Amino acid sequence: DSYNDEGCCRGPKPADLHADHVQGNSDGTIFWIVSHGREGTVMPAWNTLLSEEQRWDVVNFLRTFREE
């Protein structure tokens, strides 16, 4: 089903940022994914819109979802 729980917004749900398949990546891998996107998914490349520093800020923000 391409609807979220509220019955709107066609498209796949975003990744669970707490999940191992996200948090198990190295910081460098996450930076690369943020920079270049993910082929075959709705994850866009941000390297033309965000500076290198801003993309590292995204990596650091994603790490706040890490469960301890």
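A: Happy to! Start with α2, which contributes the most to the lining of the largest pocket, giving three residues. This is a predicted model, and the pocket it shows has a volume of about 570 Å³. Of the 20 residues that line this pocket, A15, L17, I33, R38 and M43 are the closest to its centre.

The lining residues divide into 15 nonpolar, three polar and two charged.

Two of the contributing helices also pack against each other. The axes of α2 and α3 lie 9 Å apart, and the angle between these helices is about 120 degrees. Angles of 65 to 115 degrees would count as roughly perpendicular and those over 145 as roughly antiparallel, so α2 is oblique to α3. As for handedness, α2 passes α3 in a right-handed crossing.

The protein chain has an average pLDDT of 86, and 84% of the residues score at least 70. Among the elements, α3 has the highest confidence, at a mean of 98, while α1 has the lowest, at 93. To return to where we began, the helix that gives the most to the pocket lining is α2, and its partner in that right-handed crossing is α3.

Terms used: Residues are numbered from 1 along each chain as its sequence is written. This is a predicted model: local features need pLDDT of at least 70, side-chain atom pairs count only at pLDDT 80 or more; totals for chains, interfaces and linings use all residues. Side-chain values use heavy atoms; hydrogens and water are left out. On a 1 Å grid over the protein atoms alone, a cavity is a set of points where a 1.4 Å probe fits but cannot get out, and a pocket is an open set with protein on both sides within 12 Å along at least five of seven lines; lining residues have an atom within 4 Å of a point. Grid points are joined across faces, edges and corners, and a volume is the space filled by probe spheres set on the points. Helices (H or I, at least four residues) and strands (E, at least two) are DSSP runs, numbered from the N terminus. Ala, Val, Leu, Ile, Met, Phe, Trp, Tyr, Cys and Pro count as nonpolar, Asp, Glu, Lys and Arg as charged, and the others, Gly among them, as polar. pLDDT is the predictor's confidence in each residue, from 0 to 100. Axes are lines fitted to C-alpha atoms, for helices over the stretch in contact, and angles run from 0 to 180 degrees between N-to-C directions. Angles under 35 degrees count as roughly parallel, over 145 as roughly antiparallel, 65 to 115 as roughly perpendicular and the rest as oblique. A crossing is left-handed if the near helix is turned anticlockwise from the far one by less than a right angle, and right-handed if clockwise.
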